[in-house]
Amino acid sequence: DKDRIFLSGYYGKDVFSFADTEGGFSVDMPWGNGIAALRWNHLFSKKLFMNVTGTVSDYMFQFGSSQDQFRFSLASGVRDLGSKVDFSYFPNPRHLVKFGANHIYHTFTPTSVSAESDSVVFDTGAAQRLFSHETAFYLMDDFEVNDKLKINAGLRYSMYHHVGPFTRYVNGGISAQDSTINYPSGDVIKFYHGLEPRLSMRWLLPDNSSIKGGFSYNYQYVHLTALSAVSLPTDIWYPTTDIAKPQIGWQGSVGYFKNLFDDKFETSVEVYYKKMNNMIEYKEGALPGDNVNDNTDNLLVFGEGWSYGIEFFLKKSVGDFTGWIGYTWAKSDRRFPDLNSGEIYPAKYDRRHDLSVVGTYKLNDRWTFSTAFVYATGNTLTLPSSWYVQEQNLLFNYGNRNSTRMAPYHRLDLSATLYSKTHKIKTDIDGNEIKVKKKFKSNWAFSIYNVYNRANPFFMYVDNDG
C-alpha cells in the first residue's frame with residue numbers, strides 16, 4: 001500500500017526534406033529523441049513521501065544539404081543517464097518542504113561533419129565526444145506566513161565536472177608551436193560549482209487580487225549555439241568545458257493578478273527582466289571543417305545577453321465555454337565583443353510579439369470542441385546587403401548580424417474529442433437494469449492543423465540566377 005512503481009517511455013523521430021530543383025538546392029533533416037524513466041514512489045507517512053527516479057535519453061539531430069556539386073552533412077547528439085531522489089514533507093496544511101539530489105552523466109557529440117565537392121572529400125576529422133557529470137542538491141520551503149502572505153524560498157547547490165577521455169588542442173599562435181594535452185578516462189579536466197538561490201512570494205489584496213514577485217539565480221552547464229547566423233536550422237547543444245564557462249543568469253519578475261465576476265475570469269499583467277553571462281557563439285567565418293586537429297570551443301567567442309518583456313493574460317475557467325488569451329511583448333538582445341563590431345544585436349529567437357488564443361466548448365458529457373490561434377514575430381537572420389563579382393565568382397557582403405527578420409508565424413487549429421460513456425447498463429440477478437461504471441475509458445480525437453494552410457517560413461537561403 002505504501003509503494004508504487006511507474007515505468008514510462010517515448011520514442012519519436014521527425015524527418016524534414018526540401019528540394020529546389022531549379023536552384024539545385026536540397027535539405028534533409030531528421031531529428032528525434034528516445035527517453036525512458038523508472039520511478040519508485042514510497043510513502044513513509046502521511047507527511048513524508050519519496051520519489052526515486054532513473055532516466056535515460058538519447059537525442060539526435062542531423063542536417064544535410066547540397067547545392068550544385070557541394071554536399072554537406074552535420075550530425076549532433078546528446079545522451080544522458082540520470083538519477084534523482086526527491087522528498088516531500090508536509091509539516092502542516094500550510095507548509096511544504098521539498099529536498100533532494102540529482103545526477104546526470106552527459107555524453108555530447110556536438111558536431112560530426114562530412115563534406116564533399118564532386119569527387120573531392122574534405123577531411124573534417126573524427127567526431128569528438130565530450131563527457132561530463134552534473135550534480136545538484138536542493139532544498140525548497142513553501143509556506144503561508146498568514147492569510148495574505150505566502151513565500152516560496154529555495155537554495156540549490158550545483159556541481160559540474162568536465163571529465164576525460166579528452167584531447168585538448170592548444171593553438172600556440174604565431175610565436176609558439178601547437179601542442180596537445182591528453183586526458184585519460186575519468187580524469188577531471190575542469191570543475192565548476194555554485195549556489196542558486198530562488199525566492200518568490202504572493203501578497204493577497206482585499207479586492208480579490210494579488211501581487212506576485214520572484215527572483216532566481218541560475219547556473220546553466222549546457223549551451224545552445226548555431227553554426228551560422230542565417231536561419232538554417234543548425235542549432236547544436238554544447239557542454240561547458242575548460243574554455244566554455246557555464247552560463248550564469250538571474251531573472252526578476254513582478255505581476256498583478258485579479259479575479260473578476262465571482263472568480264469566473266482570471267486576469268494578470270506581469271513584467272520580467274533576465275540577464276545572462278558567458279553566452280557562446282561561433283566566430284565569424286568559423287566552419288565545421290575547422291575541427292580537424294582542433295576543439296570546437298577554440299572556434300567560439302563569448303558574450304552577454306538580456307531579455308525583458310511584459311505579459312498580459314485573460315482566462316475564463318467556468319462554464320461550458322472556457323479559454324484564455326495570452327499576449328507577450330518581449331525583447332532579447334546580445335552583445336559579443338568579437339561579433340557585429342561589438343555592437344548590440346537582436347538574438348536569433350528575439351520575438352517582439354507573441355499571441356495565443358485558445359477556446360474550448362463542452363457541448364455535452366461526450367463532445368468537446370476546441371480551437372487555438374497563435375501568432376509570433378518571425379525569427380531574425382543575417383542576409384546579404386550587397387554583392388559583387390570577383391574573378392567570375394559571385395560574392396556577398398552581409399549586413400549587420402540578425403538585421404533581417406523573417407515573416408511572422410501564425411496558424412489556426414481546430415479539434416473535437418468524443419469521450420466514451422462512463423457507465424454501462426447491466427442486468428442484475430433479479431432482472432433489474434442497473435448502471436455500472438466501466439472499467440476502461442477511451443476517447444476519439446479529431447483535429448485539423450493549420451486550417452487556412454499558412455505557409456510559415458522555416459528557414460531562408462540565398463540563391464542566384466544567371
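A salt bridge is a side-chain nitrogen of Lys or Arg within 4 Å of a carboxyl oxygen of Asp or Glu. The exercises below concern a predicted model.

**Exercise 1.** Determine which strands are tied together by the salt bridge between Glu304 and Arg335.

*Solution.* 
Step 1. The side chains of Glu304 and Arg335 meet with an N to O distance of 2.7 Å, and the cut-off for a salt bridge is 4 Å.
Step 2. Glu304 belongs to strand S17 and Arg335 to strand S18, so this pair ties together parts that are 31 residues apart in sequence.
Step 3. Arg335 has a relative accessible area of 32% and is therefore partly exposed, since this class lies between 20% and 50%.

**Exercise 2.** Identify the strand that holds Lys275, the salt-bridge partner of Glu304, and decide whether Lys275 is buried or exposed.

*Solution.* 
Step 1. Glu304 and Lys275 form a salt bridge through their side chains, at 2.9 Å from N to O.
Step 2. Lys275 lies in strand S16 and Glu304 in strand S17, so the bridge ties together parts that are 29 residues apart in sequence.
Step 3. The relative accessible area of Lys275 is 15%. Buried means under 20%, so Lys275 is buried.

**Exercise 3.** Classify both partners of the salt bridge between Arg411 and Asp413 as buried or exposed.

*Solution.* 
Step 1. The closest N and O atoms of Arg411 and Asp413 are 2.9 Å apart.
Step 2. Arg411 has 18% relative accessibility and therefore counts as buried.
Step 3. Asp413, at 15% relative accessibility, also counts as buried.
Step 4. The whole structure contains 18 salt bridges.

**Exercise 4.** Describe the second largest pocket by its volume, its lining residues and the element that gives the most to the lining.

*Solution.* 
Step 1. The space in this pocket is about 780 Å³.
Step 2. Its lining has 40 residues, and those nearest the centre are Met276, Met279, Arg334, Ala347 and Tyr349.
Step 3. Elements that give two or more residues to this lining include S12, strand S15 (247-260) and strand S18 (321-335). The most comes from S16, with 6 residues.
Step 4. By type, the lining divides into 17 nonpolar, 13 polar and 10 charged residues.

**Exercise 5.** State which residues form the nonpolar surface patch that includes Ile211, and locate Ile211 in its strand.

*Solution.* 
Step 1. Trp203, Ile211, Val254, Tyr256 and Val271 form the patch, with about 400 Å² of accessible area together.
Step 2. Ile211 is found in strand S12, residues 209-220.
Step 3. With a relative accessible area of 38%, Ile211 is partly exposed.

Notes: Residues are numbered from 1 along each chain as its sequence is written. This is a predicted model: local features need pLDDT of at least 70, side-chain atom pairs count only at pLDDT 80 or more; totals for chains, interfaces and linings use all residues. Side-chain values use heavy atoms; hydrogens and water are left out. Patches are made of residues with over 30% relative accessible area and no salt bridge: like charges are joined within 9 Å, nonpolar side chains (Val, Leu, Ile, Met, Phe, Trp, Tyr) within 5 Å. Accessible areas come from the Shrake-Rupley method with a 1.4 Å probe; for residues, only the protein chains shown count as cover. Helices (H or I, at least four residues) and strands (E, at least two) are DSSP runs, numbered from the N terminus. Buried means under 20% relative accessible area, exposed over 50%, partly exposed in between (1.4 Å probe, protein chains only). On a 1 Å grid over the protein atoms alone, a cavity is a set of points where a 1.4 Å probe fits but cannot get out, and a pocket is an open set with protein on both sides within 12 Å along at least five of seven lines; lining residues have an atom within 4 Å of a point. Grid points are joined across faces, edges and corners, and a volume is the space filled by probe spheres set on the points. Ala, Val, Leu, Ile, Met, Phe, Trp, Tyr, Cys and Pro count as nonpolar, Asp, Glu, Lys and Arg as charged, and the others, Gly among them, as polar.
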